[in-house]
Amino acid sequence: GGSLTKLAYYSTVQHKVARVRSFDHSGKDIENEPLYEISVQEEITARLHFIKFENTYIETCLDFIKDHLVNTETKVIKATGGGAYKFKDLIEKKLGLKVDKEDVMTCLIKGCNFVLRNIPHEVFAYQKDSDTEFRFQTNDPNIFPYLLVNIGSGVSIVKVETEDKFEWIGGSSIGGGTFWGLGALLTKTKKFDELLQLASKGQHTNVDMLVKDVYGGAYQTLGLSGNLIASSFGKSTTADKEFSKEDMAKSLLHMISNDIGQLACLYAKIHNLDKIYFGGFFIRGHPVTMRTITYSINFFSKGEVQALFLRHEGYLGAIGAFLKGAEQDNPNQYSWGENYAGSSGLMSTSPDVYPMQRTRSGTFDMLEMDRLERPLVNLPLLKDPSAYIPDTVDLTDDAMARKYWLTCFEEALDGVAKRAAASQPDSIDALERAEKFRQKYWNKLQTLRQQPFAYGTLTVRSLLDTREHCLNEFNFPDPYSKVKQKENGIALKCFQSVIESLDSLGWEERQFALVKGLLAGNVFDWGAKAVSDVLESEPQFGFEEAKSKLQERPWLEDSYSQWLERLKEGPPHKCALIFADNSGIDIILGVFPFVRELLSRGTEVILACNSGPALNDVTYSESLIVTERIAAMDPVIQSALREEKLLLVQTGSSSPCLDLSRLDKGLAVLVRERKTDLVIIEGMGRAIHTNYYAALKCESLKLAVIKNSWLADRLGGKIFSVIFKYEVPCK
């Protein structure tokens with residue numbers, strides 16, 4: 001580009017993963033043996049890296065490429081943008097490679113499609129006067145069609161209809177270069193950033209003629225407010241005084257932004273488009289240009305169209321050029337996820353808010369994306385995927401909640417680091433790695449205090465996910481593996497007696513006991529401090545003790561009577577999808593008896609567990625072993641497995657929360673095939689921090705025990721209050 005070099009490269013990352021495997025128990029006394037063995041193995045995954053360098057450090061950038069990225073087989077390097085011409089000879093000479101130039105617009109659009117598809121909080125609207133400048137949008141699964149307005153030296157306006165179909169529909173020679181050039185002539189300031197700095201301090205009304213300067217007030221007949229600009233630089237024709245550089249820069253900025261805004265609105269109208277993304281060096285995260293563009297679009301569209309910006313806008317061309325070069329590997333067939341541990345996040349570039357942290361080399365911004373093993377898609381049962389917001393509280397918006405949760409995660413950090421180190425007693429460097437993890441996550445939390453919007457909308461889910469990413473980076477793939485192994489073993493020994501006592505109850509009493517068992521199981525959550533303190537200090541704390549902790553009915557949210565009525569009066573559900581939460585007592589003594597009852601009613605069950613570990617949540621591979629053991633004790637479960645009426649699947653997630661718009665494709669296919677008509681979501685992370693307000697096309701049960709006193713207070717209850725939310729969609 002004109003001022004920055006963006007580099008995209010692919011690497012394979014070796015990291016540790018926890019694996020569980022059943023023991024071969026043939027002919028052995030298994031009474032005191034652990035339930036299964038845990039091994040830590042090396043796994044290789046793919047990662048995309050994106051780094052920015054300032055062009056003044058182009059040599060450093062090329063050294064980095066030469067030292068780390070060029071091997072003997074590399075013959076060609078893909079490049080796009082103005083710098084692909086400007087630095088072509090330097091690149092070829094220094095790296096000994098041929099520069100293969102790619103079309104700028106094709107790369108830009110390929111990159112744009114890629115981030116829109118793979119980064120949930122990529123798109124934001126800019127709001128000047130709100131507590132948080134950036135308002136992130138939920139990703140519409142249908143990203144097309146959209147208008148891309150690229151404001152570089154001039155303006156290009158492109159209509160994008162599909163992955164490969166786009167057309168240049170118009171543009172203007174009055175763009176960023178015009179602002180820069182005229183600004184330099186007017187203010188004698190040659191640097192673009194300095195010009196913007198001047199503009200941000202200026203008062204355009206000293207230079208511009210407003211409607212009220214012409215008519216003495218508003219122009220009522222046409223409905224024009226008195227503060228509208230009637231003529232840019234209009235006052236300079238009559239005034240004898242000198243105008244300040246700041247005021248002239250501000251007036252110029254308004255003039256060009258308004259012109260571009262009106263053009264964009266007209267093109268959007270002609271082509272019937274309501275999504276307009278702005279990019280190019282004129283935008284590049286500058287609050288002052290985002291503000292003027294936003295105002296202009298809002299004014300000319302009468303509020304019908306929103307100006308949208310992209311968090312990784314500066315990388316689009318580099319991502320596109322990379323995708324062009326990697327076409328034989330077809331990166332688009334995979335889903336990718338932002339790795340929060342290795343990405344620096346969006347910074348507010350206002351120097352007084354937060355000085356940019358740049359190292360001497362000039363790299364000051366990084367983005368890492370991990371290739372996910374399986375493609376992720378929407379849950380087909382979401383009522384309106386484009387309106388679905390997983391998270392219940394937006395911490396970017398809610399300053400009080402933000403302060404509480406950041407402090408909460410800070411206070412828990414030492415305990416998490418200790419638990420991580422203790423999970424690998426045989427490793428000589430576990431303590432050192434745990435300390436590095438602690439430092440890294442601590443630094444992330446401090447960044448988020450200053451810049452809550454760094455990774456998109458800040459939520460409890462993103463704080464939990466960032467912590468998991470940081471643990472993984474320092475090779476702690478599953479700090480709770482031993483805890484889960486032990487708790488699964490203990491719970492399995494109690495399974496038969498729990499089933500016997502349930503079977504001895506009358507039908508109605510049994511339904512309530514099953515729900516109570518589900519809720520009691522949900523208490524066993526090592527992620528909640530109130531619970532982990534009890535579990536650490538009272539090893540004998542078990543299923544019955546958990547039941548006694550539960551709030552008495554009526555619960556905080558209580559539609560149990562409606563649920564019971566539905567079971568009594570309605571036909572059995574065709575198929576239930578259950579998202580399980582914790583290992584041990586939760587899944588074995590809470591979820592499985594409930595599953596067994598549904599199966600006995602003639603309802604098929606899809607049991608969905610996390611693909612990878614997070615806290616003490618049950619993983620898919622652990623659920624296979626647990627289910628096999630339960631089936632050996634229970635004929636109902638055994639025959640359901642044999643007849644494929646009970647199906648175990650993975651969610652595609654490794655988070656303690658649940659995003660129903662990013663689920664394993666295999667799960668979505670199964671949900672459709674089996675005509676699922678009941679969704680059960682259990683646990684605080686999946687049913688309260690996320691999905692509390694999620695609207696589904698079918699009946700749903702959301703149930704959890706609130707194990708955090710601040711959250712309980714926020715919802716109007718006390719710790720161990722119960723949420724039992726049975727919802728039927730409006731016909």
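This is a predicted model: local features need pLDDT of at least 70, side-chain atom pairs count only at pLDDT 80 or more; totals for chains, interfaces and linings use all residues.

I began with strand 18 (residues 575-579) and strand 22 (residues 678-682), which pair in the parallel sense over four bridges. Here two strands count as paired if DSSP finds at least two bridges between them, and strands are DSSP runs (E, at least two residues) numbered from the N terminus.

Residues are numbered from 1 along each chain as its sequence is written, and side-chain values use heavy atoms, with hydrogens and water left out.

Next I traced the open sheet of seven strands, and its order reads 17-24-23-22-18-19-20, with mixed pairing. Which strands stand at the edges? I found strand 17 (557-558) and strand 20 (646-650) there, each with a single partner strand, so one side of each has no neighbour in the sheet.

Then I turned to a hairpin, in which five residues join strand 8 to strand 9. Strand 8 (residues 155-160) and strand 9 (residues 166-172) run antiparallel and are joined by six bridges. In this pair I noted Lys-159, whose bridge partner in strand 9 is Glu-167.

On to the domains. The assignment, which is automatic or from a database, gives domain 1 (4-117 + 316-373), domain 2 (124-207 + 243-310) and domain 3 (480-727). I read 38 Å between the centres of domain 1 and domain 3, taken over C-alpha atoms.

How many residues of domain 1 are in contact with domain 3? I get 14, and they meet 15 residues of domain 3; contact means heavy atoms within 4.5 Å. The area buried between the two domains is about 1,100 Å², and carbon and sulfur atoms give 57% of it. Buried area is the accessible area (1.4 Å probe) that two parts lose on being put together, summed over both. On the domain 1 side, Leu-35, Tyr-36 and Ile-38 lose the most area to domain 3, together 51% of what that side buries.

I also looked for polar pairs, and the rule finds three residue pairs in polar contact across the interface of domain 1 and domain 3, both residues at pLDDT 80 or more. Strand 1 (4-22), strand 2 (36-54) and strand 14 (336-338) each supply at least two residues of the domain 1 side that touches domain 3. For the polar contacts, I count a pair of N or O atoms within 3.5 Å; within protein, one must be able to donate a hydrogen and the other to accept it, and residues adjacent in sequence count only if both atoms are side-chain atoms.
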